Amino acid sequence: MAIRQLSETLINQIAAGEVIERPASAAKELIENALDAGATRIEIATSGGGKALLRVSDNGSGMDAADLELAVRRHCTSKISETLEDIRTLGFRGEALPSIGSVARLSIASRRRDSTGGHEIAVAGGKIAHMRPAAANPGTIVEVRDLFFATPARLKFLKTEKAEAGAITEIVKRMAIAFPAVRFVLSGSDRTTLEFPATGDDHLARMAQVLGKEFRDNAIALDAVREEIALTGFAGVPTFNRGNSAHQYAFVNGRPVQDKLILSAIRGAYAETIPSGRYPVAVLAITLDPALVDVNVHPAKSDVRFRDPSLVRGLIVGAIREALARDGSRAATTGASDMLRSFRPGFQPNNQRPQTAWSAETSPSQPYQPTTGFGERPQASFDGLSMPTARAEPQFSPQPAVAEPNTRYPLGAARAQIHANYIVAQTEDGLVIVDQHAAHERLVFEAMRKALHSKRLASQVLLIPEIVDIPEEDCDRLMQHAAELSELGLAIERFGPGAIAVRETPAMLGEVDAHGLIRQLADEIAEWDTASGLSAKLEYVAATMACHGSVRSGRRLRPEEMNALLREMEVTPGSGQCNHGRPTYIELKLSDIERLFGRS
């Protein structure tokens, strides 16, 4: 078959398949154009999930007739010159408007601020109509109707109207977080109106609008610089988590991205602080020289490629972990609300009790249940205990890290031990309930982890070295990190062009599957150019040992032991959650207690 040139319309429709995948893709491109035009107010209206109607209005710089005519032609843009090395705008390809016009009915009305009149141009299925004068306010109104009417096969792959409308909402939220000085309004017949008033330079206020006001109370500020890369933003405390990763937002030079490297770094930074199946809440903004990042990886511009990915990953992980060590041990403010909700059903009128009673056999930690009552029999177990002192004096403990006598104690003074597992402490403005096993487990683990990083780990020499056959390029990568691996107790040598000899393995790991370990490390180094996998394995072993070596549930503690545990928690990073990510304590303010009794 002879080779022939494709028509301009067909070329545009092929390009539209890469740029415009769904209505949310079109919304993203149009909002980016409005932001690049300097808009401070952007209004988005939808119908039918964006398939029937998508309208984006802005008060930006606008376009004249000549600009409008070029705007609907491919690869016409005002945002770059002759190079892709210095991209400082959200859009730069010049493909969005012609791609939308090739598969939908597109109309654009625009007027420059210094012009007395506006103009309008329309494109339907790739066919451009004549320009005509139009009455318009300064700025631009882009209206997209019947998306994919020219390519009906694409309509079959779209989701329900509700799902498509939700995807547009998510796009608007990401843009709103990135640009707090811009007012966003999202409305339409398929949704309730959503408005984000401008907050100026107060980024946290805009984040609270999008993520909820609770985020403000549970966020830790990030501000770190490594070489030429700066990281700012906010990370939620570990106990403030969600059931999916939809509440993780990343921006590179102001551009919202969904980059796998960044999301993986967030996950790694919160390792062992969040339960399995839960996800942290974080908003990260990375700023760097445009020459150090390639935003031209994918037509949708949601992925980026860093020149030094290991540097970016290390910056994110280090900044978040430093922030968590500094301020991440506090309990989430939502814990008190959850506690209040659990209290109210416990006291039922007419002494009605739950159908299923609490039993020690079905509860591994014997949690406190208010419905058990306060009769003589439940209280009898306290007879053998000495009354704890009301004074919160520091006590000696196996570790010397104890607060000074005159320091105010955030976790207060121990008052009682409930069901041989929960410590009740009084603070200046409320009370704290501590899970003694979970808390001590974290303290032991942190001590072991500190030992891991302070000296070379002990290793065991294999009588017969394990020979692992892997590709030559993987051998090269592993040998580049041989010294680092040796510090972790793993001694390797080159054994021919395509094999590695394992001579020593970390003693903490016991019997090791050397073949699986080496292959996993090789894969990880190939992807991230790091050797953190072995460290993670060692820390996992340390976490397991800490769990079995901690104060067990059911052990009665003396008042001085309880106070010593509280003081250690106050000076230990990450003590707000155990190794499995569960909270170690819950704080209840005096105002919350008064609400329980109807006093406020």
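**Figure 1. Asp-67, at 28% relative accessibility, counts as partly exposed, and its salt-bridge partner is Arg-112.** The structure shown here, as in every view below, is a predicted model. Arg-112 likewise counts as partly exposed, at 28% relative accessibility. The closest N and O atoms of Asp-67 and Arg-112 are 2.6 Å apart. This pair links distant parts of the chain, 45 residues apart. Asp-67 belongs to helix H3 (residues 65–71), whereas Arg-112 lies in the loop between strand E3 (105–111) and strand E4 (118–124). Side chains of opposite charge can pair when their charged atoms come close. In total, the structure holds 22 salt bridges.

**Figure 2. Arg-183 and Glu-195 form a salt bridge, with 3.0 Å between the closest N and O atoms.** The pair links distant parts of the chain: Arg-183 is in strand E8 (residues 183–188) and Glu-195 is in strand E9 (residues 194–196), 12 residues apart. Arg-183 counts as partly exposed at 28% relative accessibility. Glu-195 is also partly exposed, with a relative accessible area of 40%. Which residues are linked with Arg-183 and Glu-195 in a network of salt bridges? Arg-41 and Glu-43 complete this network.

Figure 3. Glu-561 is partly exposed, with a relative accessible area of 23%, and Arg-558 counts as partly exposed at 48% relative accessibility. The buried residues of H18 include Pro-559, Met-562, Leu-565, Leu-566 and Met-569.

**Figure 4. Helix H6 runs through residues 161–178.** This helix has 18 residues. From the first C-alpha to the last, helix H6 reaches 26 Å, close to the 26 Å expected at 1.5 Å a residue. Which residues of H6 are buried? Among them are Ala-165, Ile-168, Ile-171, Val-172, Met-175 and Ile-177. Glu-164, Thr-169 and Arg-174 are also buried residues of H6. An α-helix has 3.6 residues a turn, so residues three or four places apart point the same way.

**Figure 5. Leu-147 and Phe-148 lie in the loop between strand E7 (139–145) and helix H5 (152–155).** Is Leu-147 buried or exposed? Leu-147 is buried, with a relative accessible area of 2%. Leu-147 and Arg-105 are 42 residues apart in sequence, yet their C-alpha atoms are 7.0 Å apart in space. Phe-148 counts as buried as well, at 0% relative accessibility. The phi of Phe-148 is near 70°, a positive value in a residue other than glycine. Most residues other than glycine have a negative phi, and most peptide bonds are trans.

**Figure 6. Ala-420 has a positive phi, near 55°, although the residue is not glycine.** Ala-420 is found in the loop between strand E19 (413–418) and strand E20 (422–427). At 8% relative accessibility, Ala-420 counts as buried, because buried means under 20%.

**Figure 7. Glu-227, Glu-228, Asp-289 and Asp-308 gather in a patch of negative charge on the surface.** Where is Glu-227 found? Glu-227 is part of the loop between strand E10 (219–226) and strand E11 (229–236). Glu-227 is exposed, because its relative accessible area is 66% and the cut-off for an exposed residue is over 50%.

**Figure 8. Leu-6, Leu-10 and Ile-14 form a nonpolar patch on the surface.** Together, Leu-6, Leu-10 and Ile-14 have about 230 Å² of accessible area. Leu-6 lies in the segment before helix H1 (8–19). At 34% relative accessibility, Leu-6 counts as partly exposed.

Key:
Residues numbered from 1 in each chain as written. Predicted model: local features only at pLDDT ≥ 70, side-chain atom pairs only at ≥ 80, totals over all residues. Heavy atoms only, no water. Patch = residues over 30% accessible without salt bridge, like charges linked within 9 Å, V, L, I, M, F, W, Y side chains within 5 Å. Areas by Shrake-Rupley, 256 points an atom, 1.4 Å probe, with all protein chains shown as cover. Salt bridge = Lys/Arg side-chain N within 4 Å of Asp/Glu carboxyl O. Lys, Arg positive; Asp, Glu negative; His and termini not counted. Charge placed at Lys NZ, Arg CZ, Asp CG, Glu CD. Helix = DSSP H or I, 4+ residues; strand = E, 2+ residues; numbered from the N terminus. Buried < 20%, exposed > 50% of the residue type's maximum accessible area, 1.4 Å probe, protein only. Expected span 1.5 Å × (residues − 1).
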